[in-house]
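Here is a short note for a colleague who is new to this entry.

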Amino acid sequence: MAAFAWLASPRTGGLAALAGVIALLPLALTNNYYYDVAILVGLNAIVCVGLNLLIGYAGQISLGHAGFFGLGGYGSAILSARYGWPPLAALVAATAAVGLVAFLIGRPILRLRGHYLAMATLGMGVIISIVVSTEDGFTGGPDGMSVPPLTLAGLVLQGERVWYWIVGALVIAAVWLAQNLIGSPTGRALRALSGSEVGAEVVGIDSSRHKVLVFVISAVYAAIAGGLTAHYSGFITPGKVSFFHSIELVTMVVFGGMASTFGAVVGAAILTTLPQMLTVFKEYEMVAFGAVMMGTMIFVPKGLVPSLAMLAAARHRPAVVRAIGSDR
Amino acid sequence: MSLLRVEGLGKEFGGVQAVENLSFSVAPGTVHSIIGPNGAGKTTLLNLLTGIHVPTAGGIYLRERELTGEPPYEYAAAGIARTFQNLQVFFNMSALENVMVGRYRHERCGLVAALLRFSSLARAERACRDAAGELLDFVGLGDYLGVRADAMPYGALKRLEVARALATEPQLLLLDEPAAGLNPTETQEFDALIGKIAGRGITVLLVEHNMRLVMGVSDHILVLDYGRKLAEGTAGEVRANPRVVEAYLGATVH
């Protein structure tokens, strides 16, 4: 029993389950289209795991994360396509630049709270989006621009099957790092901010420093996913930077369950695949999508994963109470 | 030397003088109480003493180190901890985690160590967990270890805030109306807890309405009225002071 105790712990057990799903999923992926959807799920999951650190754990809102996603994508695209940088170096440089931008923006706007922070991040996203569509000399404007494929040690990374494993490995890394952070004193400080900012300050936590920290981390997650998305699809358009994409990302986090890293992954998975499945409704597709969203918020307001975990806990108290207790 | 010294302290809110030219000092190892009618400026004073409000006049010194104008986390780092009259518990966490957050300034680590979960961190985490568990026992909440704070009764939450404050290993503990909303038995238990805390060598600054609690536990009492010092002294001296009787005890029934 003791040898398997690590499986019961949500950190290692959940991670093992996730790795298992990623390893076995190709058995069900019978064509390239399915692979493509799975890759998009993974890329969105990376953004959502980062965004969940900010929204779910630290209790801060951002309605502008598509801006960071887009900056990562366009930054990497421009450096590699227009300046001839090696794509991987472009991706790293663009991600670092986005981290710096998030730091500079985060310092003033994270003083704001609640609705005001929502407004400020929304404004930030809109500004980035406008810059991307108007600076057509660099970005190709509304038409978008093509992006060279990623190369690693002279090897061109192309094709859905190769990308599936790259993204799969990065999702596991993203979840592992996020779980480690949340389980650390720094992560506890972040969660404390969401519980009571004053309470956190009076035990010695510098709240603005921590808010900026988690804002930058979540922006870096988004930028990496944005850069990867651009290199994977070979193309990037302003749609990836739009306000609607920001909302989509927040929706995935809330749908899957706030303050649950696996919830963020599940939210990304369901809300990325749902529109593909709802195509049977033809012109009513968006109506059906909206109905699913409303139903979820009414019947499982805490989000999918935390609600299911609570349900399981109620049925099977001893084992699961411990699991939830240390995961949240 | 006094532990805490307050010199000519003042706080003005848009023309209203909530605290005015207030000077006092707290000797180490004592239980020091602050009483006064509603609106006397007691809670404002605690907010000033923890950096939540910035004073408009005067200075605050802990062991002669000036803290005036510093942010709240610097007050915590200097050794001042507090509880709140209107609870500031982390309701999204378990009781144990609430107290573990209190250990933040002793456990904090670098970002890389946190992200990669260094083994030194895992050891520190275990030590932190044990220390937090002991503190929960100390305040009488040993049974609530893994219970989420939003499922705990009011009286337990008040103790939880005390445990969290003690976890910072303070020199000075500020208690903001700990007995408010408690029944007589719970109040009596809190009385004993304050005695136990003082027994650990921690100086206590108590803001409280419950006269029985204050008179029983305090070494020194400061009476505030309209943001100013009305009287100061031992329980007996304050009780005998006609100005106190007139302003406070005479005005409110207890």
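1. Two strands are said to pair if DSSP finds at least two bridges between them. Strands (E, at least two residues) and helices (H or I, at least four) are DSSP runs, numbered from the N terminus. With that in hand, B:Leu62 stands opposite B:Arg65 in E5(B).

2. Some conventions first. This is a predicted model, in which local features need pLDDT of at least 70 and side-chain atom pairs count only at pLDDT 80 or more, while totals for chains, interfaces and linings use all residues. Residues are numbered from 1 along each chain as its sequence is written, and chains are lettered from A and ligands numbered from 1 in the order in which they are written.

3. The sheet in chain B. Four strands form an open sheet in the order E2-E1-E4-E5, with antiparallel pairing. E2 and strand E5 (65-66) are at the edges with a single partner strand each, so one side of each has no neighbour in the sheet. In a regular strand, side chains alternate between the two faces of the sheet.

4. Strand E1 (residues 4-13) and strand E2 (residues 16-26) of chain B are antiparallel and share seven bridges. B:Glu12 is placed opposite B:Gln17 in E2(B). Two residues lie between E1(B) and E2(B) in this hairpin, and B:Gly14 in the turn has a positive phi of about 45 degrees.

5. The rest of the sheet. E1(B) is joined to E4(B) by five bridges, again antiparallel, and B:Leu4 has B:Leu62 as its bridge partner in E4(B). Strand E4 (residues 57-62) of chain B then pairs with E5(B) over two bridges, in the antiparallel sense. B:Tyr61 has B:Glu66 as its bridge partner in E5(B). The hairpin of E4(B) and E5(B) has two residues between the strands, and B:Arg63 takes a positive phi near 45 degrees there.

6. Chain B as a whole. Chain B has 11 helices and 10 strands. Its C-alpha atoms fill a box of roughly 60 × 40 × 35 Å along the principal axes. The radius of gyration is taken over C-alpha atoms, and the globule rule is 2.2 Å times the number of residues to the power 0.38. A compact globule of 254 residues would have a radius of gyration near 18 Å, and the 19 Å of chain B agrees with this. A residue is buried if 20 or more other C-beta atoms lie within 10 Å of its own, exposed if 12 or fewer, and partly exposed in between, with C-beta atoms placed from the backbone. By that count, 46% of the 254 residues of chain B are buried.

7. Domains of chain B. The assignment, automatic or from a database, gives domain 1 (1-79 + 170-254) and domain 2 (91-164). Their centres, taken over C-alpha atoms, are 27 Å apart. Two residues are in contact if their C-beta atoms, placed from the backbone, lie within 7 Å. Seven residues of domain 1 and six residues of domain 2 take part in the contact between them. On the domain 1 side, H2 and helix H8 (184-199) each supply at least two residues.

8. Chain A. Chain A has 16 helices and four strands. Its radius of gyration is 20 Å, close to the 20 Å from the globule rule for 328 residues, so chain A is as compact as a globular protein of that length. Buried residues make up 49% of the 328 residues in chain A. Among contacts in chain A between residues at least 6 apart in sequence, 75% join residues at least 24 apart.

9. Where the chains touch. Chain B gives 33 residues to the contact and chain A gives 24 residues. By class, the chain B side has 19 nonpolar, seven polar and seven charged residues. Here Ala, Val, Leu, Ile, Met, Phe, Trp, Tyr, Cys and Pro count as nonpolar, Asp, Glu, Lys and Arg as charged, and the others, Gly among them, as polar.

10. The core. A nonpolar core is a set of buried Ala, Val, Leu, Ile, Met, Phe, Trp, Tyr and Cys residues joined through C-beta atoms within 7 Å. The largest has 166 residues, and those with the most contacts inside it include A:Cys48 and B:Leu136. Helix H11 (residues 207-233) of chain A gives the most to this core, with 15 residues.
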